Amino acid sequence: MTEDTTLVKRSRYAVAAVFCVHGSVTGSFATRVPWIQEHTGVSAGQLGLALAFPALGAALMMPLAARVSHRFGTRAALRGLLALWTLALILPSFAPGLLPLCAALLIYGGTAGMADVAMNALGVEVEHRLKKSIMSGLHGLWSVGALLGSAVGTIAAHANLSAQIHHTIAAVVLTVVGAVVCQFVLNIHPEDDEEPPARFALPPKSALLIGAIGFCAVFAEGASLDWSAVYLRDILDSSAGVAAGATTGFALTMAIARITGDAVVDRFGAVRTVRWSGVIATLGGLLVVLAPNALLAMAGFGLIGVGIAVVVPLAFAAAGHADGNSSHAIAGVATITYASGLVAPSIIGGIAQASNLTMSFIVVTALAAGLAVFARVLAPRQPTTAGAGPLQS
């Protein structure tokens with residue numbers, strides 16, 4: 001086994017740990033949103049406004065990740081951006097009101113987005129050097145991290161520990177863990193004559209097409225996560241406990257499918273995998289829409305979770321192998337998918353207000369069918385050498 005092979009294999013596990021750390025921050029924050037709302041004294045509507053700022057911050061700052069990686073190399077860039085993200089967890093719990101909370105969440109989202117682009121770009125590079133799919137598993141470990149962060153947050157909430165103390169401790173621990181594991185990721189520097197990427201630039205055309213696939217998947221994900229329990233309660237008259245089970249089942253099926261998805265991608269390829277994933281998600285959507293009882297509807301949401309699980313990881317992988325700078329393309333895809341996650345819940349609510357939730361999930365089903373129809377845009381391209389410069393140990 002050559003030294004480079006050893007470095008790449010070691011980097012795979014290190015990047016996986018980075019994904020887990022990144023997800024842990026999200027899970028830690030999500031469980032303490034009620035505490036933050038009470039502490040800041042904001043209304044439900046004001047909280048909804050504030051929670052739009054992470055996506056805004058991510059969209060604004062994602063394009064800078066490529067320039068940071070170019071300037072400092074992949075290892076130092078990821079270590080620094082991940083530390084900014086883990087430490088940003090502290091800010092929202094100390095916000096005294098609406099405007100400081102919005103500012104804190106803008107920073108929180110901006111650092112999240114830059115770290116997200118850096119770790120996905122590095123994951124794509126490791127995948128390319130290993131010559132096998134790993135992106136689905138990496139995103140599965142992000143989900144595992146989110147579940148771990150949520151579990152710790154739930155314990156802290158039940159113990160009546162303030163989010164300020166909880167998030168400070170979590171941020172310090174995750175920052176240390178992140179700094180340690182980043183020591184083992186690939187350290188890639190650009191060639192001496194390679195031009196730095198632009199600070200801000202429109203996503204390349206390839207990223208727009210790939211991002212459209214990611215948009216469909218993330219729209220279905222956001223709709224199912226936020227509205228599945230409401231659907232069972234309002235449409236099928238389910239109890240609160242049964243309705244909540246739909247959301248939990250959806251999240252678990254997604255995590256399991258992502259962790260096991262790489263073997264499927266290696267066997268069938270990205271295009272066939274997404275095409276059949278779209279078929280499965282479409283069948284799940286139809287089952288939700290036509291289900292006469294809660295059990296069948298929950299099965300439908302589970303099928304949606306299985307169907308969309310690997311799409312976003314494969315979209316990032318396809319962007320990383322598209323023409324041009326990989327980090328720039330990944331930033332473009334990430335921006336589109338973040339936007340989808342932001343608008344999906346409100347669009348579903350708007351359709352439900354104008355008609356009903358059944359019509360909302362007819363739209364979700366149509367978007368899921370789009371995955372099968374347009375899967376071809378994820379066909380692998382010959383990767384360029386941009387951003388894949390000298391490797392240092």
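How many aromatic pairs does the count come to? The points below take up this matter and then turn to helix packing.

1. The structure is a predicted model. In it, the count comes to six aromatic pairs.

2. One of the pairs joins phenylalanine 215 and phenylalanine 219, whose ring centres are 6.0 Å apart. Their planes stand at 35 degrees, so the pair is tilted; planes under 30 degrees apart would count as stacked, and those over 60 as edge-to-face. Both residues belong to helix H10 (residues 205–236), and because they are four residues apart there, about one helical turn separates them.

3. Phenylalanine 219, with a relative accessible area of 3%, is buried.

4. Phenylalanine 301 and phenylalanine 361 form an edge-to-face pair, with 5.4 Å from centre to centre and 85 degrees between the planes. This pair links distant parts of the chain: phenylalanine 301 lies in helix H13 and phenylalanine 361 in helix H16 (residues 357–373), 60 residues apart. Phenylalanine 301 counts as buried because its relative accessibility is 0%. Phenylalanine 361 is likewise buried, at a relative accessible area of 1%.

5. Ring pairs also connect Phe29, Trp85 and Tyr108, which together make a cluster.

6. Two packed helices are described by the angle between their axes and the distance between the axes. For helix H11 (residues 240–268) and helix H13 (residues 294–308), the axes come within 8 Å and cross at roughly 25 degrees. Because of this angle, H11 is roughly parallel to H13, the cut-off for that description being under 35 degrees. The crossing of H11 past H13 is right-handed.

7. Which residues make the contact between H11 and H13? On the H11 side they are Val242, Gly245, Ala246, Phe250, Thr253, Met254 and Ala257. H13 contributes Ala294, Met298, Phe301, Gly302, Ile304, Gly305, Val306 and Ile308. By residue type, the contact contains eleven nonpolar and four polar residues, and no charged ones.

8. Is threonine 282 buried or exposed? Its relative accessible area is 15%, so threonine 282 is buried. This residue is found in helix H12 (residues 270–290). Leaving aside neighbours within four places in sequence, threonine 282 is in contact with Thr365, Ala368 and Ala369.

Conventions:
Residues numbered from 1 in each chain as written. Predicted model: local features only at pLDDT ≥ 70, side-chain atom pairs only at ≥ 80, totals over all residues. Heavy atoms only, no water. Axes fitted to C-alpha atoms, helices over the stretch in contact; angles between N-to-C directions. Helix = DSSP H or I, 4+ residues; strand = E, 2+ residues; numbered from the N terminus. Parallel < 35°, antiparallel > 145°, perpendicular 65-115°, else oblique. Left-handed = near helix turned anticlockwise from the far one by under 90°. Contact = heavy atoms within 4.5 Å. Nonpolar A, V, L, I, M, F, W, Y, C, P; charged D, E, K, R; others polar. Phe/Tyr/Trp six-rings, centres within 6.5 Å; stacked < 30°, edge-to-face > 60°. Buried < 20%, exposed > 50% of the residue type's maximum accessible area, 1.4 Å probe, protein only.
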